[in-house]
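Load the model and keep the sequence beside it.

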Amino acid sequence: MRPEVKPEDYDQVVADIRATAQENWGQLDQDADGKVSFEEFYKVFTSECPDEASKPPKDSMKPVFDKIDKNKSGGIDLEEYVSFKAQLETGWPAEE
Ligand SMILES: [Ca+2]
């Protein structure tokens, strides 16, 4: 269960997510071009998997990536990532 997020706390939650995302951005955007490519995204997403066999197939991850990449630029930028995390954590549509 996700913790209940009150509307008045939303800005704070997003600010916290943004701060964490900025700290971790270097691990996500490994070639530091400002965007997380699908390859980078997949690598990070599957980094907890103990072996190749337990990784989800790339085909199943692509739609997830495309959903986060709202402007379909082929890469996830920091704001897209923050929106995605905010939605995960609050269950709210992150759109304005
Ligand atoms: Ca990149």
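Axes here are lines fitted to C-alpha atoms, for helices over the stretch in contact, and angles run from 0 to 180 degrees between N-to-C directions. Helices (H or I, at least four residues) and strands (E, at least two) are DSSP runs, numbered from the N terminus. This is a predicted model: local features need pLDDT of at least 70, side-chain atom pairs count only at pLDDT 80 or more, and totals for chains, interfaces and linings use all residues. Residues are numbered from 1 along each chain as its sequence is written.

Start with the overall plan. The protein chain has four helices and two strands. From the N terminus on, their order is α-β-α-α-β-α. Along the principal axes, the C-alpha atoms fill a box of roughly 40 × 30 × 25 Å. Two residues are in contact if their C-beta atoms, placed from the backbone, lie within 7 Å. Take the contacts in the protein chain with a separation of 6 or more: residues 24 or more positions apart account for 56% of them. A residue is buried if 20 or more other C-beta atoms lie within 10 Å of its own, exposed if 12 or fewer, and partly exposed in between, with C-beta atoms again placed from the backbone. Of the 96 residues in the protein chain, 11% are buried.

Now the helix pairs. How do helix 2 and helix 3 cross? The axes of helix 2 (residues 38-45) and helix 3 come within 11 Å, at roughly 110 degrees. That makes helix 2 roughly perpendicular to helix 3. The classes are set by angle: under 35 degrees is roughly parallel, over 145 roughly antiparallel, 65 to 115 roughly perpendicular and the rest oblique. Helix 2 supplies Phe-38, Phe-41, Tyr-42 and Phe-45 to the contact, and helix 3 supplies Lys-58, Met-61, Lys-62 and Phe-65. The crossing of these two helices, helix 2 and helix 3, is right-handed. A crossing is right-handed if the near helix is turned clockwise from the far one by less than a right angle, and left-handed if anticlockwise.

Helix 1 and helix 4 form another pair. Helix 1 passes helix 4 in a right-handed crossing.

Stay with helix 4. Does its length fit its residue count, or what span should it have? At 1.5 Å a residue, its 13 residues should span 18 Å, and the end C-alpha atoms of helix 4 are 18 Å apart, which agrees. The expected span is 1.5 Å times one less than the number of residues. The buried residues of helix 4 are Tyr-81, Ser-83, Ala-86 and Thr-90. They pack against helix 1 (10-28), strand 1 (36-37), helix 3 (58-68) and strand 2 (75-76). Glu-79 also lies in helix 4. Glu-79 is partly exposed, because it has 13 other C-beta atoms within 10 Å. After helix 4 comes Gly-91, with a positive phi near 75 degrees.

Focus on Tyr-81, in helix 4 (residues 78-90). Why does Tyr-81 count as buried? Because 23 other C-beta atoms lie within 10 Å. Leaving aside neighbours within four places in sequence, Tyr-81 is in contact with Ala-21, Val-36, Ile-68 and Ile-76. On the same terms, the contacts of Ile-76 include Lys-35, Val-36, Phe-41 and Tyr-81. The largest nonpolar core has five residues: Val-36, Phe-41, Phe-65, Ile-76 and Tyr-81. A nonpolar core is a set of buried Ala, Val, Leu, Ile, Met, Phe, Trp, Tyr and Cys residues joined through C-beta atoms within 7 Å.

Finish in the loops. Most residues other than glycine have a negative phi. Ala-32 is not a glycine, yet its phi is positive, about 55 degrees. Ala-32 is found in the loop between helix 1 and strand 1. With 8 other C-beta atoms within 10 Å, Ala-32 is exposed. Lys-72 also has a positive phi of about 55 degrees. Lys-72 lies in the loop between helix 3 and strand 2. Lys-72 counts as exposed, with 7 C-beta neighbours inside 10 Å.
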